Protein chains: 2
Amino acid sequence: MDPRIREHASIVARHSTAIEAGDQVVISAPAPAEELAVALHEVCGELGATPTYVANSARADRAFMRAADPEGLDTAEPKRALFEAADVLVRIRAGRNATETSDVAPETSAARSRVNKPVQEVALSKRWCLTQFPTPAGAQLAGMSTEAYENFVWDAVNKDWDAQRAHQEQMVEILADADEVRVVSGDTTDVRMSVDGMVVQNDYAEHNLPGGEVFTAPVVDSVQGEVLFDKPVYQQGREVTGARLVFEDGVVVEHSAETNEEVLTGILETDEGARRLGELGIGMNRDIDRFTYNMLFDEKMGDTVHMAVGNAYADTVGPDRERNDSAQHVDMIVDMSEESFIEVDGERVQEDGRFVFE
Amino acid sequence: MDPRIREHASIVARHSTAIEAGDQVVISAPAPAEELAVALHEVCGELGATPTYVANSARADRAFMRAADPEGLDTAEPKRALFEAADVLVRIRAGRNATETSDVAPETSAARSRVNKPVQEVALSKRWCLTQFPTPAGAQLAGMSTEAYENFVWDAVNKDWDAQRAHQEQMVEILADADEVRVVSGDTTDVRMSVDGMVVQNDYAEHNLPGGEVFTAPVVDSVQGEVLFDKPVYQQGREVTGARLVFEDGVVVEHSAETNEEVLTGILETDEGARRLGELGIGMNRDIDRFTYNMLFDEKMGDTVHMAVGNAYADTVGPDRERNDSAQHVDMIVDMSEESFIEVDGERVQEDGRFVFE
C-alpha cells in the first residue's frame with residue numbers, strides 16, 4: 001500500500017475526527033477507494049474503535065433512480081439507523097465517472113435529496129469527515145495524469161493542519177465582528193450580504209479533508225446583487241457552466257446557466273431554502289494551486305470565493321439568527337484571481353486573490 | 001452489463017426474497033460484485049423498494065483484526081441498527097483472494113464472531129439471501145477459467161427453482177417423519193443422529209442462491225460416531241483439509257485436520273455450541289456438477305452430505321426441541337459419490353450418490 005494512504009487515514013482518524021477507544025465509526029467509500037477504507041479499518045483497530053463499512057456507488061444510485069417512481073421514494077431508514085448508532089462518519093469520494101448520473105431526471109435527484117434529508121441531518125449531527133481518494137477519472141476531470149493527480153491530492157491532504165489553522169485565523173478575526181461583506185469580480189459579480197450575528201468557522205480539515213477555508217452563513221434575507229460563477233459545477237452527473245444568480249432580499253429571483261440550466265433550475269426548485277444562500281466561503285489553502293473541477297479542492301484555493309445555495313450548517317448560524325433550511329447544499333465558485341476584491345464593512349481584505357495580511 | 005447479471009438480480013428480488021413496494025433492502029457486496037449490486041438497485045427501483053448499499057471487504061476485515069486487541073472488540077452497533085431497520089438483506093460474496101484473512105490469529109476471528117453474534121441474529125431474523133458473484137479468484141479456487149466459472153455460476157443460479165423444489169420434496173417427505181439418520185462413507189465416516197421432532201427444510205433458493213438441499217438440525221445430544229470431511233473448507237482465509245470429528249452424545253470429543261488444524265480448533269472453542277452439530281444437509285442440485293471449493297455450491301451437489309458445527313437455524317428446530325446456539329456455523333462436506341450411503345430408520349435412501357427416487 002502507498003504509504004501516503006496510511007498517512008491519509010491517520011489524519012482522518014487522529015486529526016479530523018479524533019477517533020478514540022469505544023467509538024463506532026462508519027466508513028462510506030466507493031469501490032475505487034477500498035485501500036483508504038482498508039487503512040481506516042487498520043487505524044480503527046489501533047485506536048480501539050469499531051468500524052462498519054458502507055458502500056457508495058454512483059452507478060447503483062443511477063440504476064435505482066432511473067428505475068424508481070420519483071413520487072414513491074422513501075427515506076433510506078436502515079441508513080438513518082446506521083448513522084444514528086455511529087459516533088463518527090467518514091465519507092470518501094472516489095469517482096470513476098463524474099457524469100455517471102447524467103441520464104437521471106433532475107426531478108428524481110431532487111426528490112431523492114428531499115426524502116433522504118433526515119438521513120443527512122443525522123449524518124451532520126455526528127463527528128464527520130468528507131475526503132477524497134484519487135482515481136483516474138478524477139485525474140481526467142482535472143486534465144492531469146493519474147500519477148500527477150495522486151501527488152496533487154496527497155500533497156493537499158497530508159500536511160501541517162495546525163499551521164494552516166493559524167494562517168486562516170487572521171481572516172476569522174476580520175469577519176468575526178463584521179457586518180457587510182461585498183464580493184466583486186469583473187463586471188459580472190457584485191454581491192453584498194450581511195454576516196452580522198453569524199458564526200465564522202475556521203476549516204482546518206475537521207469536516208473537509210483537505211480543508212482550508214473560512215466560512216459562515218449569510219443573514220438569510222440580506223443577500224443583494226448578482227453573481228456569475230466562473231467555474232463549472234458537477235451536479236447530478238452534469239456539468240453546469242456559467243451559472244448566474246440574481247438575489248433580491250436573499251432570494252434568487254433570476255437564474256441562468258450556459259449549459260445544463262435545467263439542472264440548476266431543479267436544484268433551486270427543490271424547496272424554499274434552495275433559493276437562498278446557506279454559505280459564504282473564502283478559500284485560503286495555497287497548497288491547492290490549480291482548479292481540478294472538484295469542489296472539495298477548488299473551494300479551498302486562495303483565489304476563490306464560494307457560495308452555496310441551500311442548507312446552512314448549524315454551527316455557522318448565530319443564536320439569534322434564522323438558519324436556512326434545505327435538502328440541497330450546492331457550492332459554486334467565483335474566481336477571484338483577477339479584477340476582483342472582497343470588501344468587509346467597506347475595507348478591501350482581498351484584492352486579485354491576495355489577502356491584506358499576506 | 002451481462003444480461004445474466006440482471007436475471008440473477010431478478011431471481012434474488014422476485015424469487016428468493018420476494019421484495020415488494022415499501023421494503024427497505026440492505027445490499028451487502030464486496031467491490032468486485034458491484035454490477036450485481038447495481039442490478040439489484042435497479043430491481044428495487046422497479047419494485048418500489050428502497051436500497052441501502054453496504055460494503056464487505058476481506059482486506060478491510062483483515063486490517064482491522066490484525067490491528068485490534070482481541071480483548072477489546074465491540075459489537076458493530078451501527079450494523080446491528082442497519083439490519084434492524086431492514087426488511088430484506090441480500091449478501092453477495094465475490095472474493096478476490098480466498099486466503100485474504102490467512103494471517104489473522106484464529107482467536108481474533110473467533111472473538112470477533114462472538115461480539116458480532118447479536119448482529120448475525122438480527123440478520124437471520126429478516127428475509128435474507130446469500131448469493132455469489134463470479135470472480136477470477138473464485139475461478140482459480142475452482143481450477144477453472146474465469147469464463148467457464150461465470151457460466152458455471154450463472155447456470156447454477158439462473159434456473160427453474162419450482163422444478164428443483166418439487167424434486168427435493170421427495171426427500172423432505174422421507175425425512176419428515178424419520179427418527180434416525182445414518183451417514184456412511186468408506187471406512188472413515190459412520191455417524192448417526194436423530195432428527196425426530198425437528199423440522200425439515202426444502203431449500204429451493206430462498207436463503208441460498210444457488211439453493212438445492214434438504215436440511216434440518218439434529219437432536220442436540222443424539223450425534224454419535226465419526227466423520228472425515230473429504231473436501232477442504234476455507235475458514236478465516238485458510239484451507240482446512242482432512243478435518244475429522246468424533247462425536248459422543250452430541251459433543252465433539254476428538255478432532256484433527258491434515259492442514260490448519262488450529263483453525264478447526266479455534267472454531268470449536270468459540271463457545272459451547274460450536275462443539276455440537278447445528279445442521280445436517282443433503283445436497284440435491286444436479287446442475288452443480290463439480291466441486292469448486294465454495295461451500296455455497298459444493299454443499300448443494302447431489303453427491304454430498306454436509307454437516308455444520310455451531311448454530312442451528314431456528315426454522316429447523318421443532319417446538320419441543322432445544323436449539324443449538326453458537327456464534328459459529330461452519331459447514332463441512334462428505335463426498336458421497338463412492339462407497340457411501342445414507343440410511344433413514346434403517347432404509348437406504350441414497351447409495352453412491354444416487355437417491356432411491358431417481
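How closely do the axes of helix 5 and helix 10 of chain A come, and at what angle do they cross? This is a predicted model, in which local features need pLDDT of at least 70, side-chain atom pairs count only at pLDDT 80 or more, and totals for chains, interfaces and linings use all residues. Residues are numbered from 1 along each chain as its sequence is written, and chains are lettered from A and ligands numbered from 1 in the order in which they are written.

Select residues 106-115 (helix 5) and 261-268 (helix 10) of chain A: their axes come within 9 Å and cross at roughly 25 degrees. Helices here are DSSP runs of H or I with at least four residues, and strands are runs of E with at least two, numbered from the N terminus. Axes are lines fitted to C-alpha atoms, for helices over the stretch in contact, with angles from 0 to 180 degrees between N-to-C directions. The two helices are therefore roughly parallel (angles under 35 degrees).

Next, colour the contact residues: A:Pro106, A:Glu107, A:Ser109 and A:Ala110 of helix 5, against A:Glu262, A:Val263 and A:Gly266 of helix 10. Contact requires C-beta atoms, placed from the backbone, within 7 Å.

Now show both chains. Their contact takes 42 residues from chain A and 42 residues from chain B.

Methods. Angles under 35 degrees count as roughly parallel, over 145 as roughly antiparallel, 65 to 115 as roughly perpendicular and the rest as oblique. Two residues are in contact if their C-beta atoms, placed from the backbone, lie within 7 Å.
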